[in-house]
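User: Please take a close look at a single part of this model. Then set it against the rest of the fold.

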Amino acid sequence: MSDIRFDGKVAIVTGAGGGLGRQHALELARRGAKVVVNDLGGSVDGSGGSSDAALKVVEEIKAAGGEAIAHGASVTDDAGVANMVKTAMDTWGRIDILIANAGILRDKTLTKMELADFELVMQVHVFGTFKPIKAVWDIMKAQGYGRIVVTTSSSGMYGNFGQSNYGAAKMAVLGLMNTLKLEGQKNNVHINAISPVAATRMTEGLMPPEVLEKLKPEYVTPGVVYLASDEAPTGAILTAGAGVFALARIYETEGVYLGEGGLSAEEVRDNWAQITAEDGQKAYFNGGEQGQKFFRKMAGG
């Protein structure tokens, strides 16, 4: 089969000044994409800011013969995101790919977590994913082409001690994807999620060096590149780390009908084994054509 290429396509990668985002931007550019390297340049907890990291990645891309521009907007800032999209359109006239990668951490147990720690993580991961998507959505629909990759986490899907804010945000991103995969499909706008495990600033203090060595960002990027390609599925959750790729799915058991009259909590308790039985379970609703028609009609579009 032919190589995956992005010649003539324009990509925005948020949080691309280092770690995973940098690797995604470099690889997209290597395969022919023109890239907007977005990075606020803040610390892991979201404080501070500098354009140096984004500019350095742009220089790397240019040195390798590619095209790129830097943009330092915060993904939570409406005006900044709008300007980033306008800059891309003014420069290249289209936007084909959005990799929503920007993120921060403020890890604390719930007892120690302040409301501000929860709110800021939600702002960066949820609104910082939604706002760039909203800004490019109609452009992609009008083109009849778009590829969006959002970033989720096992901390949301399975839980992780001390990350109630991060886990909640990362599951919210999947809820956004599950709806937009339906809304975008008729216009060839596909949206997928990557759930990475990689050695970055956000993970360097959590694992020993010998483990981090096996978790290089470049071991995740091939999955992101595929999800951004012409052949990409839509609505997939791809887990990636250390060269291993797998698909995560949400399942629903077949369940049990308990009737409609006189239902009680005791009946639920007494039928719990059958309610939770895995035999006959199916993957969550995946947007079949009939389902899409129904939801489009309900949404009025």
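Analyst: Glu254 touches Asp279, Gly280 and Gln281; contact means heavy atoms within 4.5 Å, and residues up to four places away in sequence are not counted. The model is predicted: local features need pLDDT of at least 70, side-chain atom pairs count only at pLDDT 80 or more, and totals for chains, interfaces and linings use all residues. Residues are numbered from 1 along each chain as its sequence is written, and side-chain values use heavy atoms, with hydrogens and water left out.

Glu254 sits in the loop between strand 9 (251-252) and helix 9 (265-270). Helices (H or I, at least four residues) and strands (E, at least two) are DSSP runs, numbered from the N terminus. Glu254 is exposed, at 62% relative accessible area. The cut-offs are under 20% for buried, over 50% for exposed, and partly exposed in between (1.4 Å probe, protein chains only). Glu254 and Ala277 are 23 residues apart in sequence, yet 7.7 Å apart in space, C-alpha to C-alpha.

The largest nonpolar core has 29 residues. Such a core is a set of buried Ala, Val, Leu, Ile, Met, Phe, Trp, Tyr and Cys residues joined through side-chain atoms within 4.5 Å. Phe6, Ala25, Leu28, Val35, Val37, Ile61 and Ile99 touch the most other members. Helix 1 gives the most to this core, with 5 residues. Ile99 has contacts that include Ile12, Leu28, Val149 and Val224. A second, separate core of 27 residues includes Ile139, Ile148, Leu176 and Ile191.
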